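Student: I am new to this structure and would like to go through it step by step. Could we start with the overall picture and then look at some details?

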Amino acid sequence: MSMTRQFSTFYLDDLFFGIEVEKVQEVIRYQEMTRVPLASRVVEGLINLRGQIVTAVDLRQRLRLRDREAGELPMNVVVRTDDGALSLLVDEIGDVLEIDDKTFEQPPETISGVARDLIRGVYKLRDQLLLVLDTERAVQLDGNESDNGN
Amino acid sequence: MAELEGMDEVVREFLVESYENLDQLDRDLVALEKSPDSADRLASVFRTIHTIKGTCGFLSFGKLESVAHVGENLLSRLRDGRLTLNAEITSALLSMVDAVRRMLSDIEGTGSDGDHDYAELIERLNLLQEVLTPPADRATAEPASGTAQVDDEPEDEEPSEATAATDAEAEVEHPAAEIDVESFETPLEMQARSADSGRVATETIETKAFAGEDVAEAKATPPAAGAAPAASATDTGESRSSNVADTTIRVDVGLLDKLMNLVGELVLARNQILQFTATQSDTAFIATTQRLNLITTELQEGVMKTRMQPIGNIWSKFPRVVRDVALTCGKQVRVEMEGRETELDKTIIEAIKDPLTHVVRNAVDHGVESPERRVAAGKPAEGRLFMRAFHEGGQVNIEISDDGAGIDPEKLKQKALQRGLVNPDQLARLSDREALSLIFLPGFSTAEKVTNVSGRGVGMDVVKTNIEKIGGTVDIHSKVGHGTTLKIKIPLTLAIIPALVVTSGGERYAIPQVSLLELVRLEGEQARRSIENIHGAPVYRLRGNLLPLAYLGRELGSDDTAKVTQGETVNIVVLQADDRQFGLVVESILDTEEIVVKPLGKQLKGIATFAGATIMGDGRVALILDVLGLAQRAGVVSEVRDRSIAEKAHHATDGGHERQTLLLLGMGDAGRFAIPLSMVARLEEFPDDSVERSAEQEVVQYRGQILPLLRLSRVLRAAAEADPAASDGDSLQVVVYTEQGKSVGLVVDRILDIVEDALDIQRSIGRDGLLGSAVIQQRVTDLLDVHGIIERAIPSFFAQAEAA
């Protein structure tokens with residue numbers, strides 16, 4: 001008897017990520033942003049989500065990936081957190097996938113650095129690997145990691 | 001289950017109501033002590049205790065009932081005039097009120113009236129009523145009190161009919177609770193009495209009352225008494241409370257908060273539409289937008305009003321606080337209040353409650369002297385604590401003053417030194433005013449002896465911090481021997497504030513208007529020259545004082561200094577941070593706007609430079625600058641502190657020359673002239689053709705009066721031998737000088753500047769119309785003898801003024 005879960009998926013650089021669908025409030029296209037000086041580099045800016053001010057965290061920065069190519073506009077995956085809504089900036093949005101629990105595996109030991117903290121596990125899909133993002137940790141910027149990016 | 005819930009509801013209502021009643025009780029008792037003969041107040045106090053006693057009996061809170069019962073007995077004696085209220089009885093009654101309050105909070109927390117032992121208090125209250133009543137007398141006391149009550153009744157009713165719900169409900173209780181005292185009376189008699197006072201007895205309501213459907217009904221039902229009077233009381237209660245219910249309802253604060261948020265959203269949407277409308281030409285659309293604009297503004301005001309509460313709500317407990325503190329310290333203090341109806345947002349009211357209480361206690365404990373010392377100092381034995389609240393410029397001002405000993409700056413300095421808060425070097429340079437603000441330093445307590453009233457380590461610094469937390473300011477003024485005044489300024493509301501919008505690095509930032517002092521715009525040559533550097537720290541001379549500058553762009557990490565300073569204009573926003581001023585150089589200044597303050601997410605909370613964010617008219621987000629945080633980041637606050645102290649010290653030793661604020665005037669080639677600003681009533685500009693002549697004198701009509709004009713250039717021409725300077729064509733610059741209701745206008749060529757300087761008259765030239773010369777702003781400036789000039793030109797001016 002196997003269980004399935006739904007994941008909202010997205011792409012970052014050449015990586016394929018998923019977030020449990022119930023944690024995602026909505027997905028919206030690129031929004032104009034207000035830069036926040038003095039903030040961690042991970043914070044890309046503030047967006048106006050129907051009158052609510054939402055902090056946008058660039059997942060590329062957060063995961064220490066390469067910067068996005070100039071002219072490429074990120075998409076917003078708005079997730080619910082204890083502290084209200086928060087937007088994760090990603091490259092491209094994928095489908096919502098229903099995935100069998102059996103294909104899950106812990107992240108291999110060889111993953112290092114910040115990715116080790118933020119990737120909860122891997123689902124082995126037929127043609128690629130889906131990395132499960134730990135959203136709670138991803139939006140926590142008070143640790144040392146965020147400062148290094150500064 | 002349903003019944004139990006109904007019961008909880010009853011208890012909750014009982015608590016809410018009793019708390020309100022207790023506050024009233026505190027006020028009444030303190031007022032009573034001053035005028036012990038006020039029958040109305042006594043009756044009001046009696047009724048309140050009555051209500052509580054009756055209800056808690058019904059709700060089976062036995063302990064609470066027994067305390068209320070002895071209190072009521074004592075009160076009934078007072079009411080019948082067989083005892084006179086004195087301080088001892090008042091204290092006992094107040095302790096009773098405290099005990100009741102404590103039990104109420106126990107009920108709130110645990111559902112029962114707690115397990116404290118109040119036997120001692122009951123004994124004390126019992127003893128008090130026996131002091132003046134011999135036991136023999138007591139036997140007849142009960143029936144006597146019964147008749148007294150019947151006589152009193154119509155008198156009692158009158159005020160309650162006209163006043164609020166609490167009174168009406170207390171009144172409902174009256175006959176029901178009386179049954180305890182007068183149980184020997186027959187039900188028939190009672191019914192007759194009820195009918196007498198215009199009440200209709202209806203038996204049917206009884207069942208409804210027991211179902212607990214209405215609180216008033218439930219309360220009105222005595223546990224074991226005749227149903228008829230109870231029912232009749234219920235009946236009256238219903239008809240009366242419905243009148244009150246017609247005009248007021250209780251609303252959950254959570255709902256109001258939600259409404260407030262929604263209105264905030266609406267304001268934003270409105271701003272966006274307004275901005276969009278600016279690009280439209282459809283008149284119907286524009287008209288609709290205008291309507292939307294007006295309605296939104298009114299709605300915003302309306303919703304904000306629902307959250308407003310009069311400051312009297314928190315002030316009302318101060319007479320009691322003052323009384324208690326005064327009694328403990330053996331002082332006499334009278335409280336006076338002005339502006340209790342001044343309204344403030346509920347959240348702010350709550351935020352200032354504790355700081356204000358602290359200030360009041362402090363004022364009584366440390367401020368007001370003991371009666372002996374007051375009399376010795378030639379003051380009335382009774383001290384005066386004056387509280388005043390009023391609206392001013394979108395802010396609420398609260399002043400708390402006492403007429404006590406005042407604060408001796410020297411003592412403060414010694415104390416600060418003892419506690420190691422400042423070093424002797426710093427101390428020597430402190431002015432008296434700065435010494436006074438030492439009181440706000442953490443760890444400071446001036447009490448020479450630590451009493452249990454204040455001086456418990458919670459000092460004025462906490463007051464200051466709490467007030468500043470809600471965007472307010474605290475200021476202290478004191479005169480030794482005359483008293484101390486604490487001035488608090490707080491915003492009306494926190495949710496929507498006026499702000500100045502500026503730009504830096506292409507982004508907009510909002511600066512709360514509260515911190516804004518003035519805007520300075522430098523253009524062209526001025527822009528390049530007037531910003532100077534002191535060892536890398538940029539400064540600007542603002543009316544002769546050095547204003548430290550911070551560049552917004554630089555503080556925010558993008559170096560746009562070059563851009564800002566190389567350009568043709570420099571915009572300086574002069575801000576107040578703590579008690580210091582500094583100038584913030586920004587790229588451009590846009591506008592002032594009402595903004596809705598939104599908090600930042602926790603990822604950004606750590607940045608002290610920002611106080612929050614808001615959504616602008618175009619839908620984009622702008623950050624709100626935290627002025628104090630920004631000042632600290634830029635280092636202007638701490639840096640300036642030392643320098644400005646040094647500056648003041650320097651001025652203080654400046655040969656004792658008084659510092660004056662001067663108005664600088666230009667007079668053609670005759671040079672620069674100065675008039676003390678204190679002599680200037682107004683600066684006006686009149687068109688040339690408005691000048692008329694009356695009795696050989698040039699005059700203009702000014703504010704319904706005839707203002708004589710004196711052309712200074714002519715007055716001075718003979719002396720200065722300069723050409724009569726031509727006025728610039730079509731208007732006259734006039735300095736209006738007013739003395740004792742009479743004014744004269746001095747026509748000058750140009751008004752140059754206002755400076756503050758130590759007036760050091762270096763050369764007395766003894767010329768008519770001049771007092772001498774001084775160097776002001778590195779230039780020799782002549783000081784005008786205004787008095788002399790006017791006297792010579794219009795000899796009658798001062799004579800008439802003196803006569804008038």
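Tutor: Let us begin with a definition: helices are DSSP runs of H or I with at least four residues, and strands are DSSP runs of E with at least two. Please keep in mind that this is a predicted model.

Student: How many helices and strands does chain B have, then?

Tutor: Chain B comes to 29 helices and 29 strands.

Student: What share of chain B is buried?

Tutor: Of the 804 residues in chain B, 35% are buried. As for contacts in chain B between residues at least 6 apart in sequence, 66% of them join residues at least 24 apart.

Student: Let us turn to helix packing. At what angle do α12 and α13 of chain B pack?

Tutor: Helix α12 (residues 253-277) of chain B packs against helix α13 (residues 283-306) of chain B at about 155 degrees, and their axes are 9 Å apart. Because angles over 145 degrees count as roughly antiparallel, α12(B) is roughly antiparallel to α13(B).

Student: Is that crossing left-handed or right-handed?

Tutor: The crossing of α12(B) and α13(B) is left-handed. Residues that make the contact include B:Leu256, B:Leu259, B:Val263 and B:Arg270 of α12(B), and B:Phe285, B:Ile286, B:Leu292 and B:Gln300 of α13(B). By class, this contact of α12(B) with α13(B) has 13 nonpolar, six polar and one charged residues.

Student: What about α3 and α4 of chain B, at what angle do they pack?

Tutor: Helix α3 (residues 62-79) of chain B and helix α4 (residues 87-110) of chain B pack at about 165 degrees, with axes 10 Å apart. The two helices α3(B) and α4(B) are therefore roughly antiparallel to each other. The crossing in which α3(B) passes α4(B) is left-handed.

Student: Which residues make that contact?

Tutor: On α3(B) they are B:Lys63, B:Leu64, B:Val67, B:Ala68 and B:Gly71, and on α4(B) they are B:Leu93, B:Met96, B:Ala99, B:Val100 and B:Met103. These residues of the contact of α3(B) with α4(B) divide into eight nonpolar, one polar and one charged.

Student: Now the interface. How many residues of chain B are in contact with chain A?

Tutor: There are 20 residues of chain B in contact with 19 residues of chain A. On the side of chain B that touches chain A, the elements giving two or more residues are α12, β17 (610-615) and β18 (621-625) of chain B. The largest share of that side, three residues, comes from β18(B).

Student: And how does that side of chain B divide by class?

Tutor: The side of chain B that touches chain A has nine nonpolar, six polar and five charged residues.

Student: On to the sheets of chain A. What is the strand order in the sheet of five strands?

Tutor: The order in this open sheet is β3-β6-β7-β5-β4 (chain A), with mixed pairing. Strands β3 (24-28) and β4 (43-49) of chain A stand at the edges with a single partner strand each, so one side of each is left without a neighbour in the sheet. From one strand to the next, the twist averages 30 degrees.

Student: In which sense do β5 and β7 of chain A pair?

Tutor: Strand β5 (residues 52-58) of chain A and strand β7 (residues 84-90) of chain A pair in the parallel sense, over four bridges. A:Val57 stands opposite A:Leu88 in β7(A).

Student: What is the order in the sheet of six strands?

Tutor: That open sheet of chain A runs β8-β1-β2-β11-β10-β9, also with mixed pairing. Its edge strands are β8 (92-100) and β9 (104-105) of chain A, each of which pairs on one side only. Strand β1 (residues 4-12) of chain A runs antiparallel to β8(A), and seven bridges join the two. The bridge partner of A:Phe7 in β8(A) is A:Leu97.

Student: Back to chain B. What do β11 and β12 form there?

Tutor: They form a hairpin with two residues between them, and B:His535 in the turn has a positive phi of about 50 degrees. Strand β11 (residues 531-534) of chain B runs antiparallel to strand β12 (residues 537-542) of chain B, joined by four bridges. B:Ile531 has B:Tyr540 as its bridge partner in β12(B).

Methods:
Residues numbered from 1 in each chain as written. Chains lettered and ligands numbered in written order. Predicted model: local features only at pLDDT ≥ 70, side-chain atom pairs only at ≥ 80, totals over all residues. Axes fitted to C-alpha atoms, helices over the stretch in contact; angles between N-to-C directions. Parallel < 35°, antiparallel > 145°, perpendicular 65-115°, else oblique. Left-handed = near helix turned anticlockwise from the far one by under 90°. Contact = placed C-beta atoms within 7 Å. Nonpolar A, V, L, I, M, F, W, Y, C, P; charged D, E, K, R; others polar. Pairing = 2+ DSSP bridges. Buried ≥ 20, exposed ≤ 12 C-beta atoms within 10 Å, placed from the backbone.
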